[in-house]
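Please read the sequence and turn the model before going on.

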Amino acid sequence: MTPEPTSTRTPPRDMAAEASWTVGLDVRAFASVEQQITGFLDSEGVEGRAAFVSQMVIEEVVRNLIEHTPPYAKDEEVVVELSVTPEAVTVAVEDSRPPFDPSDAPQLDTEAPLEERRAGGMGMHLVRTMTDTLSYQRVDDRNRLVATVART
Amino acid sequence: MHLDVTERDDGIVQVALVGRLDITGLHEVDMKFHGATAAQASPSIVDVSGLEYIASLGMGMLISCAQALQRRGKPMVLAGASGDVESALKTAGIDQAIPMVDDVSAAEQLIAQA
């Protein structure tokens, strides 16, 4: 079953349009939500780099969570929030897994030749590099990552 | 997301990735892409001009297939990346690992020189 957004709000002009999804730490569940996120950004007229990077941030962060969650914790959930204003898209991802600040993830050697590259390890580099702002907080035993991407 | 393989008679494999290479898209083309490139052990041109979106999972697919080809002495060349896709690929340093050129014609020339 495809999870519907937990909430959506269409605002008056110049205020933020918001939506959020609560999804299990499972690739299939997230894949269906990912399509809804694309649809929400489309419906709000978010296009180009802002749409691309917003979706990338969500995909990289949630997929990283899924990959690093042991089977016994797979029933935990992640909350994805999107807020769209005329100026920017704000993405927030919140989970109850152990503390993880993307700033602490290993640096990617983007100069490495093909034979030294790994198929993984690029996601957090993309998140850190392609967003306009990125902040991490540990609040009430939960990770909360907030990224902004300018629409201009 | 789909993958188009162009039949050629010069020993080069030409594959076009078209659509969104997100998690759903990757599952749709991953095995076919490996079968069309790494498993063929032929020089490969990957036309990404029709790619609308790619994240690290899709980049990982490109890296793993390019490495498999490299181990057998065959190159992979990415052709036609533009806009946000090009920016993301370069941000991840993919262009330092796999040659990126403007179009399929330039990829053919690069492979001919190899």
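In this predicted model, Arg49(A) forms a salt bridge with Asp132(A), with the closest N and O atoms 3.5 Å apart. The pair links distant parts of the chain, 83 residues apart: Arg49(A) belongs to helix α2 (residues 48-67) of chain A, while Asp132(A) sits in the loop between α3 (123-130) and β5 (133-139) of chain A. Arg49(A) is partly exposed, at 33% relative accessibility, and Asp132(A) is partly exposed as well, at 42%.

Another salt bridge joins the side chains of Arg144(A) and Glu81(A), at 3.1 Å from N to O. Here too the pair links distant parts of the chain, with Arg144(A) in strand β6 (residues 142-150) and Glu81(A) in strand β3 (residues 77-84), 63 residues apart. Both residues belong to a network of salt bridges that also includes Glu94(A) and Arg142(A).

In chain B, Glu86(B) and Lys90(B) meet in a salt bridge of 3.0 Å, N to O. They both lie in helix α3 of chain B, four residues apart, which is about one turn of the helix. Over all chains the count comes to eleven salt bridges.

How many salt bridges are there between chain B and chain A? The count is zero. On the side of chain B that touches chain A, α2(B) gives the most, with nine residues. By class, that side has 14 nonpolar, eleven polar and four charged residues. The area buried between the two chains is about 2,400 Å², and carbon and sulfur atoms give 61% of that area.

Methods. Residues are numbered from 1 along each chain as its sequence is written. Chains are lettered from A and ligands numbered from 1 in the order in which they are written. This is a predicted model: local features need pLDDT of at least 70, side-chain atom pairs count only at pLDDT 80 or more; totals for chains, interfaces and linings use all residues. Side-chain values use heavy atoms; hydrogens and water are left out. Buried area is the accessible area (1.4 Å probe) that two parts lose on being put together, summed over both. A salt bridge is a side-chain nitrogen of Lys or Arg within 4 Å of a carboxyl oxygen of Asp or Glu. Helices (H or I, at least four residues) and strands (E, at least two) are DSSP runs, numbered from the N terminus. Ala, Val, Leu, Ile, Met, Phe, Trp, Tyr, Cys and Pro count as nonpolar, Asp, Glu, Lys and Arg as charged, and the others, Gly among them, as polar. Buried means under 20% relative accessible area, exposed over 50%, partly exposed in between (1.4 Å probe, protein chains only).
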